[in-house]
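Please look at the fold below with its inner spaces and its packed side chains in mind.

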Amino acid sequence: MIRLEYFTPADFPQLIDWITDAKLLMNWSGSLFSFPLTEDKLAWYLEDTNDPATSDALVYKAIETKTGEVVGHISLGGISRKNSAARISRVLVGNSTARRRGICQGMMQAILRIGFEDLGLHRIDLGVYDFNTAAIRCYEKAGMQQEGLSRDILRYEGEYWSLIEMSMLEHEWRALQG
């Protein structure tokens, strides 16, 4: 099981250790950061976040409840109280040995619960590069539905990456909860 807690400066070194190369950083953050990831960049990333009443972004570390180990990172940003919507971003299962153990599923369930239940949102969306098939499977298992494809949206080392847009609406979340 996964529990989300706010990401803090104490967590910076671990995230930096997980981001081992420029391609992984681009896949994780798009063009938000440049390689190498640094504590200064992460301090900027956290500015004005993690106040559920006023922030437009909530940034989390994912903790495996059985072991207490920090196993990932996820954020809910672009929070629009007017439109009752937000966007999941920067999803990372941090340690390669933690992959294929349901960590991503647990992170998604936890962030969707925060969005739909705690924040009372109507819509939550995300974007995932089309080559990231493991992430796409995880998001679909969590109930996210594909909406479309933004073709060749990002250029990385002479190669274009396309982005699949996915979303879930509140009534779909409620139906999944039984």
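Y129 is buried, because its relative accessible area is 9% (buried means under 20% relative accessible area, exposed over 50% and partly exposed in between, with a 1.4 Å probe and protein chains only). This is a predicted model, in which local features need pLDDT of at least 70 and side-chain atom pairs count only at pLDDT 80 or more, while totals for chains, interfaces and linings use all residues. Residues are numbered from 1 along each chain as its sequence is written, and side-chain values use heavy atoms, with hydrogens and water left out.

The structure holds eleven aromatic pairs, where rings of Phe, Tyr and Trp (its six-membered ring) pair if their centres lie within 6.5 Å, and planes under 30 degrees apart count as stacked, over 60 as edge-to-face and the rest as tilted. Two of these pairs are set out here.

| Pair | Centre to centre | Angle between planes | Kind |
|---|---|---|---|
| Y129 and F131 | 6.0 Å | 5° | stacked |
| Y156 and W161 | 5.2 Å | 45° | tilted |

F131 is partly exposed, since its relative accessible area is 37%. Y156 is buried at 11% relative accessible area, and W161 is likewise buried, at 1%. One aromatic cluster is formed by W28, F33, W44 and Y45.

A nonpolar core is a set of buried Ala, Val, Leu, Ile, Met, Phe, Trp, Tyr and Cys residues joined through side-chain atoms within 4.5 Å. The largest such core has 35 residues, and those with the most contacts inside it are L4, I88, M108, I111, L112 and Y139. Its largest share, nine residues, comes from α4 (helices are DSSP runs of H or I with at least four residues, strands are runs of E with at least two, and both are numbered from the N terminus). Apart from this core lies another, of 16 residues, among them I19, F33, L46 and L92. Leaving aside neighbours within four places in sequence, L112 is in contact (heavy atoms within 4.5 Å) with I88, E117, I124, A142, M144, M168 and W173.

Which residues does S84 touch, not counting those up to four places away in sequence? They are G120, L121, H122 and R123. S84 itself lies in the loop between β3 and β4, and it counts as buried because its relative accessibility is 19%.

Rolling a probe the size of a water molecule over the atoms shows where empty space is left. On a 1 Å grid over the protein atoms alone, a cavity is a set of points where a 1.4 Å probe fits but cannot get out, whereas a pocket is an open set with protein on both sides within 12 Å along at least five of seven lines, and lining residues have an atom within 4 Å of a point.

The largest pocket has a volume of about 1100 Å³. Its lining is made of 37 residues, of which V91, L92, N132, A135 and Y139 lie nearest the centre of the pocket. The largest share of this lining, seven residues, comes from β4.

A search of the whole structure finds one cavity of 30 Å³ or more. About 40 Å³ of space lies in the largest cavity, which is lined by F7, D11, Q14, L15, W18, K61, V70, G72 and H73. The elements that give two or more residues to the lining of this cavity are α1 and β3 (70-80).

Terms used:
Points joined across faces, edges and corners; volume = space filled by probe spheres on them.
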